[in-house]
Amino acid sequence: MRFDLQVIASWIEPESKVLDLGCRSGSLLDHLRQEKRIVGTGIEIDEVAAGEAIAKGLSVIHGDIYEEIEDYPDNVFDYVILSQTLQHVYEPEKLIREMLRVGKRCIVSFPNFTHIKNRFQMFFTGRAPVSKELPYEWYNTPNIRVIPITDFRRFCNQLHVPIVKEVAIATHHHDTKGLVITFLPNLFATFGIFMLGQAEW
């Protein structure tokens with residue numbers, strides 16, 4: 001399993017109720033079901049990936065996360081996970097509020113756009129960066145947002161959403177190994193992972 005998913009899995013308490021938004025083929029949910037005995041549900045818009053998750057015996061809905069999450073009552077989950085999907089989201093504030101409505105905690109991870117390699121690419125070439133974490137050109141990328149770790153902290157502060165736990169890591173998108181970055185994470189980390197608590201409205 002990818003290193004970022006290993007970190008997320010380590011934060012989940014055994015026998016929790018978990019909702020995984022954009023769960024793809026369900027590798028995280030499957031791992032948590034086997035190792036942590038969680039009760040898990042996933043939502044995935046890609047029909048093929050959702051089918052693969054369902055074939056594993058997982059409870060996965062093929063649909064849009066914005067529409068499907070509205071059907072859940074308040075505080076029905078212990079954790080709601082949005083792993084490496086935030087950069088594709090049109091209304092991040094609305095989605096995170098919904099995540100914290102249906103879950104007691106939410107976990108969000110995303111590629112750190114201000115990683116040093118991206119900065120060097122922009123500085124020396126004057127072009128939009130392309131990397132293993134951000135592998136697309138500007139004209140064919142599904143990413144509609146660029147998210148620095150520092151800006152995500154500011155975003156949470158503006159929403160009055162407490163950051164319960166955070167870690168910055170250096171790893172490539174599909175790697176099973178990586179490093180935790182504690183020195184200048186906004187510069188040296190490739191991904192940020194945050195656990196958020198209930199908003200202080």
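Glu93 counts as partly exposed, at 38% relative accessibility; buried means under 20% relative accessible area, exposed over 50%, and partly exposed in between (1.4 Å probe, protein chains only). The side chains of Glu93 and Arg97 meet in a salt bridge, 3.0 Å from N to O, where a salt bridge is a side-chain nitrogen of Lys or Arg within 4 Å of a carboxyl oxygen of Asp or Glu. This is a predicted model: local features need pLDDT of at least 70, side-chain atom pairs count only at pLDDT 80 or more, and totals for chains, interfaces and linings use all residues. Residues are numbered from 1 along each chain as its sequence is written, and side-chain values use heavy atoms, with hydrogens and water left out.

**Salt bridges**

- Arg97 is partly exposed, with a relative accessible area of 29%.
- Arg97 and Glu93 are four residues apart in helix α5, so about one helical turn separates them; helices (H or I, at least four residues) and strands (E, at least two) are DSSP runs, numbered from the N terminus.
- The structure holds ten salt bridges.
- Another one joins Arg101 and Asp74, at 2.8 Å from N to O, and links distant parts of the chain: Arg101 is in helix α5 and Asp74 in the loop between α4 and β4, 27 residues apart.
- Arg101 is partly exposed at 23% relative accessible area, while Asp74 is exposed at 51%.
- Arg37 pairs with Glu15, their closest N and O atoms being 3.5 Å apart.
- Because Arg37 lies in the loop between α2 and β2 and Glu15 in the loop between α1 and β1, this pair ties together parts that are 22 residues apart in sequence.

**Aromatic rings**

- There are six aromatic pairs in the structure; rings of Phe, Tyr and Trp (its six-membered ring) pair if their centres lie within 6.5 Å, and planes under 30 degrees apart count as stacked, over 60 as edge-to-face and the rest as tilted.
- Phe110 and Phe152 form a tilted pair, with 5.0 Å between centres and 50° between planes.
- Phe110 sits in strand β5 (residues 103-111) and Phe152 in helix α7 (residues 149-159), 42 residues apart.
- Phe152 also makes a tilted pair with Phe194, at 4.8 Å centre to centre and 55° between the planes.
- Phe152 is buried at 2% relative accessible area, and Phe194 is buried at 1%.
- Phe110, Phe152, Phe155 and Phe194 form one aromatic cluster.

**Nonpolar cores**

- The largest nonpolar core has 33 residues, of which Leu19, Leu21, Ile96, Met99, Phe152 and Leu196 touch the most other members; such a core is a set of buried Ala, Val, Leu, Ile, Met, Phe, Trp, Tyr and Cys residues joined through side-chain atoms within 4.5 Å.
- Apart from it lies another core, of 25 residues, among them Phe3, Leu28, Ala50 and Ile169.
- Leaving aside neighbours within four places in sequence, Ile96 is in contact with Leu86, Phe152, Phe155, Leu159 and Leu196; contact means heavy atoms within 4.5 Å.

**Helices α1 and α2**

- Seven of the nine residues of α1 are buried, so this helix is largely enclosed by the rest of the structure.
- The buried residues of α1 are covered by elements including α2, β4 and β5.
- In helix α2 (residues 27-36), Leu28, Leu29, Asp30, Leu32 and Lys36 are buried.
- After α2 comes Arg37, whose phi is positive, near 55°.
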